[in-house]
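This report describes selected parts of a protein model. The sequence and structure are shown first, and the notes follow.

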Amino acid sequence: MFGDYAALIVLLPVIAFVLTLFFGNKLPSGGAHLPIAAIAGSFIISLGTFFEIYPNGSVQQSMQWFSTLNFGILIDPLAVVMLMMVSFVSLLIHIYAVGYMAHDPAKPRYFAETSLFTAAMLAVVLSDNILQFFMAWEIVGLCSYLLIGFWYHKPTAAAAAKKAFLVTRVGDVLFLAGIVLLYVNMTNVITNTGFSLEPGNFILQFKSMFAAIPYIAPTQLTIITLLFFGGAVGKSGQFPLHGWLPDAMEGPTTVSALIHAATMVTAGVYLVARTFPMFVEAPNALLVVAYIGGFTAIFAATMGLVMNDIKRVLAYSTVSQLGYMMLALGTAGMVLGAKAVGISMFHLLSHAFFKALLFLCAGSVIHAVGTNDLREMGGLFGKMKITATTMFIAALALAGFGIPGLHIGTAGFFSKDAIIEGAYEYGYVTGDMIPYVFSILAALLTSIYIFRLWFMAFSGKPRQDRHAHESPPVMTVPLMILAVFALFFGFSQTGFYGYLETNFVLMGVEIGVHEGEAFHPSALILWLPIIVGVLGLVISYLIYNRRIVDMSRIVTRRNPLYQLLLNRYYEPGLSSYVIGEKLTHGTAAMTGEFVDRRIIDGFVIDTVISRTLLSLGDVLKKIQTGVVRNYISVMLLGVGLLIILLRIGGT
Amino acid sequence: MSLYIYLLVAAIIFTIGAYGIMTQKSGIKILMCIELMLNASNINLVAFSSFGGNATGQVFALFSIAIAAAEAGIGFAILVALFRVNGTINLDKINILRW
């Protein structure tokens with residue numbers, strides 16, 4: 001019953017978007033209740049659909065759009081868990097935003113845009129073909145632009161919005177190229193080989209794509225998957241297109257929470273997971289995914305260590321965690337097959353809960369003290385007990401605290417350790433330990449930077465006299481709900497993996513789950529992630545709470561390593577100055593100078609051609625008498641001539 | 001009565017209209033001449049429809065009358081505006097589009 005109304009999952013927030021945009025300023029609290037009600041409706045339908053199709057059903061609806069393309073809905077296990085997460089987290093963030101945005105004059109615009117943002121992400125999730133996926137993906141990009149630049153009167157916010165739009169656009173172009181290449185290959189396959197679409201299937205539907213995989217040449221498949229991954233790199237902020245994500249912190253904190261937890265950056269991981277059967281058949285692409293993911297995980301974490309803006313730390317944390325998800329798809333995909341999707345998506349979901357929580361806590365702190373700068377905070381624990389406690393829970397979850405032998409732990413413990421174990425198993429099977437080393441080092445850095453953030457914000461003495469106060473219940477209640485999920489979501493791990501393993505089987509794709517010999521990592525491997533997690537906590541405690549090391553002597557302008565990290569490996573300068581100003585703008589200017597000034601002007605200005613044309617114009621313009629009657633007379637004459645000519649031609 | 005009589009009347013009216021458009025200077029007179037030409041074509045439409053036994057032409061004539069009314073409305077509005085700006089509706093005086 002719920003499955004039949006699956007289209008409403010997207011349509012409800014879209015309707016709320018329109019209504020809030022036009023009538024929001026006449027409604028209480030900027031029309032916030034419309035999106036909240038609509039997204040709650042989406043969540044209820046998603047939940048109902050989940051219970052309907054569990055354990056091995058799916059919802060498939062499709063209608064022709066034009067020619068061989070279609071619009072459709074596909075809700076399989078992969079989609080339904082995403083739908084529930086996106087609508088649920090988004091709902092909590094919207095409720096929280098009622099409190100957080102209470103004093104903003106542009107509330108209707110804010111709530112309308114976040115509602116559309118959520119709708120677009122839900123549309124990405126339940127697309128049944130790659131083209132519709134791409135269209136919704138683009139709307140997500142548009143909404144991120146609008147929301148990052150929400151305070152557009154701030155020049156930094158406007159610049160950040162532009163950067164986000166342009167950088168993700170690089171990925172989008174690659175993604176679109178991948179779709180075009182796929183389409184060409186699909187049509188070739190249909191005309192040249194025995195492959196044909198099943199009746200009622202359309203060419204770019206995921207199930208058609210998967211069915212055609214054996215017929216597509218492996219090199220073509222590798223290129224297509226790499227182009228898809230290029231799109232995912234842009235959207236999910238992977239190296240080298242990661243620069244926009246930390247800059248995106250210029251938007252309201254609730255927008256950051258939406259982007260980082262629910263609605264945007266996960267789309268890239270979801271794209272790879274969605275087209276995973278293609279990646280499995282292209283091991284080289286999978287290797288690229290693994291290495292980019294692993295490198296991003298550690299690369300972003302190093303920058304998280306030194307940032308002083310509370311939201312920037314979290315932003316780099318997101319980039320790093322997304323790297324983990326890509327790493328899981330890449331490494332575990334090669335040794336564990338379809339189970340990799342389960343591992344990656346499980347981390348995506350648990351990350352969504354604790355990262356939304358971290359951002360909302362940060363928002364609560366910023367709301368209270370009125371600054372983003374960690375150096376101006378401190379000693380907030382006594383004043384903001386709920387925020388401090390829930391943020392500590394989220395930090396524990398991010399650092400992956402738990403006890404391996406007993407299966408007790410936070411959500412991040414279950415999900416991240418599975419990724420690290422997967423990377424180890426990949427190393428064990430192939431002898432390539434680099435991804436594993438990346439992941440374990442990143443885990444150590446993760447733990448250090450997140451507890452550094454917590455200690456700097458909440459412990460010690462206040463560094464500045466700010467009249468901090470706990471946030472109102474409309475903000476703290478979502479925090480507590482998310483904290484519960486960050487703590488206990490991990491226990492659904494076994495059921496979750498089992499549920500997602502059936503995902504591609506439902507579409508008639510068999511991905512071998514290579515579990516030949518039972519794999520039992522040694523106790524050290526099992527315990528190492530939690531050991532480095534605790535180590536990170538201890539290091540941060542000693543440095544930022546006990547202050548056994550005087551950081552002010554290490555963190556100076558003269559320390560080249562610190563300079564490198566603080567300047568984010570000079571990436572912003574590199575991308576905007578070298579690529580933007582020198583390369584792109586320089587090339588365009590040179591081309592313009594050469595083509596326009598030399599070639600075109602050279603031909604035109606004061607040559608035989610131009611002089612002849614000008615003098616001819618002088619003669620011919622006398623025809624334009626400006627007297628309407630003359631024009632009409634000539635027109636009638638013309639019509640008369642035409643009729644006479646037609647008569648002659650007719651006979 | 002023969003169809004040709006109707007066509008002859010229409011042709012005469014059309015020619016009067018065309019002549020008026022080519023010779024008159026006042027905007028209003030030109031608009032009136034356009035109406036004449038339109039109605040000549042309406043007569044043709046109705047005549048053919050009546051003799052051909054097909055009602056479509058008469059429906060077209062109704063449409064055409066409605067459109068002519070709208071066209072006249074807009075035309076006179078433009079002329080009023082022109083008169084306010086230039087103080088004249090002599091179209092020979094309004095030639096700012098000339099070279």
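A:V319 touches A:G237, A:Q238, A:H242, A:L245, A:T296 and A:A300, leaving out residues up to four places away in sequence; contact here means heavy atoms within 4.5 Å. A:V319 belongs to helix 14 (residues 310-336) of chain A. Helices (H or I, at least four residues) and strands (E, at least two) are DSSP runs, numbered from the N terminus. A:V319 counts as buried because its relative accessibility is 1%, where buried means under 20% relative accessible area, exposed over 50%, and partly exposed in between (1.4 Å probe, protein chains only). From C-alpha to C-alpha, A:V319 and A:A300 are 6.1 Å apart in space, and they are 19 residues apart in sequence.

This is a predicted model: local features need pLDDT of at least 70, side-chain atom pairs count only at pLDDT 80 or more, and totals for chains, interfaces and linings use all residues. Residues are numbered from 1 along each chain as its sequence is written, chains are lettered from A and ligands numbered from 1 in the order in which they are written, and side-chain values use heavy atoms, with hydrogens and water left out.

## A cis peptide bond

Most residues other than glycine have a negative phi, and most peptide bonds are trans. The bond that joins A:F239 and A:P240 is cis, with omega about 5°. A:P240 lies in the loop between helix 8 (218-235) and helix 9 (244-247) of chain A.

## Nonpolar cores

A nonpolar core is a set of buried Ala, Val, Leu, Ile, Met, Phe, Trp, Tyr and Cys residues joined through side-chain atoms within 4.5 Å. The largest one has 210 residues, and those with the most contacts inside it are A:I75, A:M82, A:I130, A:L182, A:F228, A:W244 and A:M345. Helix 15 (residues 339-369) of chain A gives the largest share of this core, 21 residues. Another core, of eight residues, lies apart from it; among its members are A:I632, B:A18, B:I21 and B:M37.

Which residues does A:M345 contact, leaving aside its neighbours within four places in sequence? They are A:L78, A:M82, A:Y270, A:A273, A:F496 and A:L500.

## Helix 17

Helix 17 (residues 411-430) of chain A has 20 residues, so at 1.5 Å a residue it should span 28 Å; its end C-alpha atoms are 29 Å apart, which agrees. The expected span is 1.5 Å times one less than the number of residues. Of the 20 residues of helix 17 of chain A, 16 are buried, so the helix is largely enclosed by the rest of the structure. After helix 17 of chain A comes A:G431, with a positive phi near 80°.

A:Y428 is found in helix 17 of chain A. A:Y428 has a relative accessible area of 48% and is therefore partly exposed. The C-alpha atoms of A:Y428 and A:T587 are separated by 48 Å, and the two residues are 159 apart along the chain.

## Helix 18 and its partner

The 25 residues of helix 18 of chain A should span 36 Å at 1.5 Å a residue, and its end C-alpha atoms are 36 Å apart, which agrees. Helix 18 of chain A is mostly covered, with 22 of its 25 residues buried. A:G460, whose phi is positive, near 75°, follows helix 18 of chain A.

Helix 18 (residues 434-458) of chain A packs with helix 22 (residues 523-546) of chain A at an angle of about 35°, and their axes are 8 Å apart. Axes are lines fitted to C-alpha atoms, for helices over the stretch in contact, and angles run from 0 to 180 degrees between N-to-C directions. The residues of this contact divide into 17 nonpolar, five polar and one charged. Ala, Val, Leu, Ile, Met, Phe, Trp, Tyr, Cys and Pro count as nonpolar, Asp, Glu, Lys and Arg as charged, and the others, Gly among them, as polar.

## A serine in strand 1

A:S62 is placed in strand 1 (residues 59-66) of chain A. With 39% relative accessibility, A:S62 counts as partly exposed. A:S62 and A:G200 are 138 residues apart along the chain, and their C-alpha atoms are separated by 8.6 Å.
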